[in-house]
Amino acid sequence: MPKYKLRVNGIVRTVDSSDADKPLLYVLRGLGLTATKFGCGLGQCGACTVLVDGTAVQSCQTTVAHAQGKAITTLEGLGSAAKPHPIQTAFIDEQVPQCGYCTSGMIMSAAALLSKKKKPSESDIRAALDVNLCRCGTHVRAVRAVMAASGQRG
Amino acid sequence: MNATINTQRFSRRALLKGGALTVGFTLIGLHKGAFAQGAAAARVLDNKEVDAFLAVNGDGIVTVYCGKVDLGQGLRIAIPQIAAEELGIDVDKINYVEGDTALTPNQGRTSGSNGIQRGGMQIRQAAATARKALIELAAKRLNIAPDDLIAAGGEVRPKAGGAGIRFASLIGSRRFDLKLDPKAPLKDPASYTIVGKPLRRPDVAAKSFGTATFVHDFSVPNMQHARVIRPPAIGATLTSVDEKSIEKFPGVKVVRIKDFLAVVGADEWSTERAARTLRAQWSDWSGLPAQDRLADTMRTEPGSTQQSLVSKGKPVAPPPPNAKKLAASYFWPMQSHGSIGPSCAVADVRADAATIWTASQGMHDNQVTYARFLGLPKDKVRLIYLEGSGCFGMNGHEDAAADAAILSRAVGRPVRVQWSRADEHGWDPKGPPQLLDIAGVVGADGQIHDWRTDMWIPQTTKGLLNIPLLGPQAAGLDNIVGLNTGLISQNGDPPYAADHMQVVVHWLKEAPLRPAPLRSPGKPANCFAVESFTDELAAAAGIDPIEFRLRGLKNPRGIELIKRLAVLMKWQTRSSPGAGTNAAVARGRGMSYVHYKHSETFVAMGMEVAVERASGKIKVERVACAHDCGQIINPDGVRAQVEGSILQTISRVLLEEVKFDRSRVSSVDWSSYPILRFSDVPKLDIDLVDRPTEPPLGAGEAACAAVGAALANAVYDATGVRLRTVPFTPERVKAELNSKAS
C-alpha cells in the first residue's frame, strides 16, 4: 500500500493509504487526532480547519497526497493545558465554546490570522472566521477572544 | 477553578463488570473511587429518592447524578452550583455524572429550557432533604438541637462555634434512604455564596484544547464503521442492491434489512467510499406537497380539527368611532436543526443486552424506544450520553443511534454510524411549518378592542416518547407512529389587555416532512406573528411601539423589563415608520416583548437594522435584550444562552428555509441552506435581571421567541414595509420594497 510522510504537530508520521485522494481529515482522525471535526466534507463549514504549512485549510478538501511532506498543525498541536496557545487561553477566559463542535476549526482559523497579522481589526477577525459556521451562536465571544489573544480589548 | 474533564474509553470488560462509569465530568479531577464503587446495579434510580441524585462518598466528595444532559448550555456547572449551595459544600467537592440510564435518574428529556427550572429544582430539593438529614444526624451525635447547627464547607457544625462533623463521617458511602421532602427547608437566597456566581463551565477547556470526547470521537474495541444509505425519495422502497458494485473495497459489506440499506467496514474512509459507490435501485415516490403552495395546502387541508385555545372577554359592539380594523397573515417555514456535525452514534448490541452511546437529549425516553424495537427488556438497554454537535431539539441523533443499534445487532459487533452532511440536512426531523392569521381592532387610544389568532399547525400525537425513527421504519421493526412537534401552540395571544381575545388552532393531521421539536418549539413563529401584529396595531393608532405595549401590560416584571430595554436602546418615543424610509440604506429600530408561555421567562428585545434598498439585504447592526429568568444560577451561563438564542434565531429569520421538491429535501448542504456567518453578526447588549427570591426559569430558548418580530418591526420602522413571511431573504425584501414603491 502506498505510504505518505507527513509532519503532524512536529512529528513525522508515515501513513498507508490505498487512495491518494483520501482526505487529510480522515488521516488525522485515524491517527487519534480527533480535535479536527467532520462537518460537511464539502469545504463549506470550517469544522475541519487545520494549518498546512501555516495556512488555514479545510482538511476535508486536502488529500493525503497533497499533504505529503508538509507541516500539519491541528488543535492538539497548537497548544495544551500545560502550554496553551494564547487563543486557547482567550477562548477559555471568554468561555467561548458551547457545544464546542466548531471550536477547533475556529481556533485554527484564528491562529492562521494571528500568525500573519499580530493586531487584526475586528473586521479582519470576522473575515478570517467567516468560513467557520457556528450553530450555538458563540460568534461575539469568539471575536472578543481573538482580540484578547492579540492583546487588544474586544 | 481547576476544572477538568476526564474521559476514558469504555472497554468490553468494564461493560461486563457491571458498568463502571465511562465518562464523567468532575470539578475536582478524576475520582475513580466513586465510579468503581458505583456498580450500576447498586444505584438507586427512583427519582423520588435522595440517593438517586446524591451520594456522599467516604472521602467527602459528593457525587451528583443528573438525568438531564449538558449540550453546551452549562448544566454541568449550574447543577453542581445548585447542589453545592443547598447542601453546604464547596462546588469543587462535587463530582458530576450525567445522562446514563444505568446511573442517573429519569428527569425527563433535556428540553423546553427545563434543565434548571425542573431538573435543577429536583436536585435542589434532594440536596435540601439531604442537608436536613445530615443536620439531624449531627444533632444526635453532638447532642445539640438541629436549629443550632449549620451545614457548610462539607460539615455540620454548631452555629455558636466549635468543632463540626464532616459529611463523610456522618453518612459517607451509605445511603440516605430518604424520599425527596418537598418541605425540607431551602436556604435563604440572601445567604447564597455559590448560586449566582459566573463560575466557569468545566468542559470549555477540553473543548479548547481538543481533548473533549464527542460521540463522533468515541470508539470501542472491535468497532466497525457504518454508513446508512437513505433512499433518493422519502417514501421510496428498495428494489435491488448490487453488492458486487463495492467489491473493490475489501472488508466492506452490505447490510440490507427490507428497505434499510447500509455498508459496514473496519476502515472509515473505505466504508465512506463504498457508500458512495454502492449501486441500488429504489422505487419512485413523489408524495410531498408543492412547496410554493404550502401555506394554501395547510389552510385548506381536509380533516383538520379546530380547537379554541383562548376565549376571553366579549366584543365591543359597535366598535368605537376612529377604531381601526386590521388583518394579516404570517408564515414560518420548515427549518432544520442545522447541526454543524452530522449525527453520529455508537452501539454494542448483544443477544441479551445493549449499550448505546448517543448525544440525544432524551436518554430515558430513548431507552424505552430502543428496547422496543430491539426486543429487549428496558433495563437491558443502557444509554450513555456523550456530547455531540449542538442539536437544539431532536436532530438526527435519535435516528443515528437507532441505525447503529440495528447494524450492531446485524453484524454482531459494535458499530459506529456517521451521517453525512446531506443525511443531516435531508433527513433530520424538521421544525414544522406554521401559518397564522391575525385580525384585530384597535382604538385611537391604543386600546385593543378585539383580537383573534387562527393558527394552522401539525398536531402532536399524545403520549409519544419519541419521533418515528428512520432505521426501524425502513427495517420493518417496531416503530413509533405519529407526529411530535413540541409545544408549538403557545403564545398565540398577546400579553396585552384586550376587550375580546380569541386564539383558535386548526390542528393538521399531517406535516410535509417528519417534524420534531426545534429550539423554542413554535414560539419564534407565534411571537413573530403576535408581536408583529401588535406593532401593526400600534402603527395604525399612531402610537410609539413601547408606549403602546406599556398601556396594555399589567405584569410589573414585564413593565420593568420594557422600561429597561428603552434605556438600553436609548429609545426615542415616536410612532413607526420613521423618517427616511426611502433612503438607499434605510435605518430603523423595532422591539418586541415576550412572556414565554405566559408563565415563564420575560424578554424584551430591540433591534437596529439597516436595509439596503438596491439589494434587499438586511443588516442587523445591534440587538439589545433585557431578560428576566428569575433567580440566576450562573450569570455567564445565562448570558451565553441568550447570546446564542438571539444569533441562532436571527439566522433562522433572515436565512433559513428547508427546500423540497415532490420527492425529497433539496437543501442538503450549507450553500442551499445557509446560516449566519461571522460577518453578519450584530453587536449584542444584554441586560440580565436577577431576581434571587423568585424561582429560576429557563434561559435556553425564551429569547428566541422575541427575535422575529423585533427584526421585522425594525425593518418596518426603517422602510415602511411589513415582512410577514420568514425568511427575510434579500430577494423577498427587495420584492416587498418594490411592490410598496409601485
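The model is predicted, and the predictor gives the complex an ipTM of 0.99 and a pTM of 0.95. Chain B has a mean pLDDT of 93, and its contact with chain A takes 44 residues from chain B and 44 residues from chain A.

**Confidence**

- In chain B, 94% of the residues reach a pLDDT of 70 or more.
- The pLDDT is below 50 over residues 1-26 of chain B, a stretch that has 58 contacts in the model beyond near neighbours in sequence.
- Residues 28-41 of chain B also have a pLDDT under 50, and the model has 29 contacts for them beyond four places in sequence.
- Where pLDDT is low, the predicted coordinates should not be read in detail.

**Domains of chain B**

- The assignment for chain B gives domain 1 (4-211), domain 2 (216-284 + 337-427) and domain 3 (521-741).
- Between domain 2 of chain B and domain 3 of chain B, the C-alpha centres are 38 Å apart.
- Eight residues of domain 2 of chain B are in contact with eight residues of domain 3 of chain B.
- On the domain 2 side of this contact in chain B, four residues are nonpolar, three are polar and one is charged.

**Domains of chain A**

- Chain A is assigned domain 1 (3-77) and domain 2 (79-149), with their C-alpha centres separated by 20 Å.
- Domain 1 of chain A puts 14 residues into the contact between these domains, and domain 2 of chain A puts in 13 residues.
- On the domain 1 side, strand 3 (49-52) and strand 4 (55-58) of chain A are the elements that give two or more residues.
- Strand 3 of chain A provides the largest share of that side, three residues.
- The residues on the domain 1 side in chain A comprise eight nonpolar, five polar and one charged.

**The contact between the chains**

- From the 44 residues on each side, those of chain B divide into 16 nonpolar, 16 polar and 12 charged.
- Helix 7 (204-209), helix 8 (268-277) and helix 17 (635-655) of chain B each supply at least two residues to the side that touches chain A.
- Helix 17 of chain B gives the largest share of that side, seven residues.

- Helix 17 of chain B has 21 residues, which should span 30 Å at 1.5 Å a residue, and its end C-alpha atoms are 30 Å apart, in agreement.
- Of the 21 residues of helix 17 of chain B, 18 are buried, so this helix is largely enclosed by the rest of the structure.
- Helix 4 (residues 75-87) of chain B has 13 residues and reaches 17 Å between its first and last C-alpha, close to the 18 Å expected at 1.5 Å a residue.
- Helix 4 of chain B is mostly covered, with 13 of its 13 residues buried.
- After helix 4 of chain B comes G88(B), with a positive phi near 95°.

**G72(B)**

- G72(B) sits in the loop between strand 4 (62-66) and helix 4 of chain B.
- There are 28 other C-beta atoms within 10 Å of G72(B), so this residue is buried; the cut-off is 20 or more.
- Leaving aside neighbours within four places in sequence, G72(B) is in contact with P97(A), Q98(A), C99(A), G100(A), C136(A) and G390(B).
- G72(B) and K554(B) are separated by 482 residues in sequence and by 35 Å in space, C-alpha to C-alpha.

Conventions:
Residues are numbered from 1 along each chain as its sequence is written. Chains are lettered from A and ligands numbered from 1 in the order in which they are written. This is a predicted model: local features need pLDDT of at least 70, side-chain atom pairs count only at pLDDT 80 or more; totals for chains, interfaces and linings use all residues. Domain bounds come from an automatic or database domain assignment. Two residues are in contact if their C-beta atoms, placed from the backbone, lie within 7 Å. Ala, Val, Leu, Ile, Met, Phe, Trp, Tyr, Cys and Pro count as nonpolar, Asp, Glu, Lys and Arg as charged, and the others, Gly among them, as polar. Helices (H or I, at least four residues) and strands (E, at least two) are DSSP runs, numbered from the N terminus. The expected span of a helix is 1.5 Å times one less than its number of residues. A residue is buried if 20 or more other C-beta atoms lie within 10 Å of its own, exposed if 12 or fewer, and partly exposed in between; C-beta atoms are placed from the backbone. pLDDT is the predictor's confidence in each residue, from 0 to 100.
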